[in-house]
Amino acid sequence: MDARQLRYFLAVVDQGGINRAAETLLIAQPSLSQSIATLERELGVPLFHRIGRRLVLSDAGETLVGPARVVLRDLEDAKASIDALKGLRGGRVDLVTMPSPGIEPLTTILINFSRVYPAVTVNAEAAFTPEEVLHAVRTGVCEIGILGSPDEVRAPDLEVVALESQPLILISGPDAVTPSRPAIERSELGGHRLIVSQRGSLMRTLVDEVLASGVEATIVAEVAHRTSIMPMVLSGFGQAVMPSSWAPSARQAGATVHRIVPESYLHVAAICRPTHLTPPARALMDEAHAYADVVPAPWEDIEPRGLSGR
């Protein structure tokens, strides 16, 4: 078993089949099939079950995925260490983030990280649930995950850095009628047209609780891709319940922001596997620790933080 075989194996896993993997690797399909067959013979177990034209991971294949990713990353780590001796500072960090933490605190963390590794490329994959982020890190698809959860993030098998707790806010267009004070009671959402995210999210849960309490608000749109929400709000189509990470960009765009009381919080954390991190990934996690050590500003003055104290 060698690195080439492991790389080919993971390509088949990630691309979902031999043909697409061969195209990605720029090799002939028969050569890739032969490499996988040789690896299976060497291990003495099938890595895939052939079901018609589909390949489905066997139990042995599922077991191999994580260690294979670690081995290849260790090789990249070794090469990066040699390159560092030659004065090179390149490389890549693969991370996965949920939408709201991907605005903040990720932006501030990356700004500080770039001072240490200015030539490192950060590849940020998207996920929409905490479970997706945890799975991507545990299986080695990404080295680092940034996630938000209604509860404090707990994962005994991973390194977890609690970054901050973001209160939920109401974002309204410039022409919306809203209180002059900085907070709005849940009961005051009556009569509002609300743009919500998908069921299961903290933001949607708050809206559902408000409706269940008898407040007569109207859900006018369910939006999975949250980048679509701000244009809808600014156009006057509706108002949105979002984590406070959206506050600076909302205000800059001309929207108004109110904290919703009683409060609900999105608990944001950075996670990684406890071992086998590449040097840039370790540096990025160090920046996450530094961010967590900075005392947050009051919510009314929310701006990207962590820069002035460094």
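Two strands pair if DSSP finds at least two bridges between them. Strands (E, at least two residues) and helices (H or I, at least four) are DSSP runs, numbered from the N terminus.

This is a predicted model, where local features need pLDDT of at least 70, side-chain atom pairs count only at pLDDT 80 or more, and totals for chains, interfaces and linings use all residues. Residues are numbered from 1 along each chain as its sequence is written, and side-chain values use heavy atoms, with hydrogens and water left out.

**Exercise 1.** Work out which residues are bridge partners of isoleucine 144.

Solution. Start with strand 3 (residues 92–97), which runs parallel to strand 5 and is joined to it by 3 bridges. There, leucine 95 partners isoleucine 144. Next, take strand 12 (residues 265–272): its pairing with strand 5 is antiparallel, over 6 bridges. Cysteine 272 is the partner on that strand.

**Exercise 2.** Explain why strand 5 (residues 144–149) is largely enclosed by the rest of the structure.

Solution. First, sort the side chains by direction: Ile144, Ile146 and Gly148 point one way, Gly145, Leu147 and Ser149 the other. Then check burial (under 20% relative accessible area with a 1.4 Å probe, protein chains only; exposed is over 50%, partly exposed in between).

**Exercise 3.** Describe the hairpin of strand 1 and strand 2.

Solution. Strand 1 (residues 48–51) and strand 2 (residues 54–57) run antiparallel, joined by 4 bridges.
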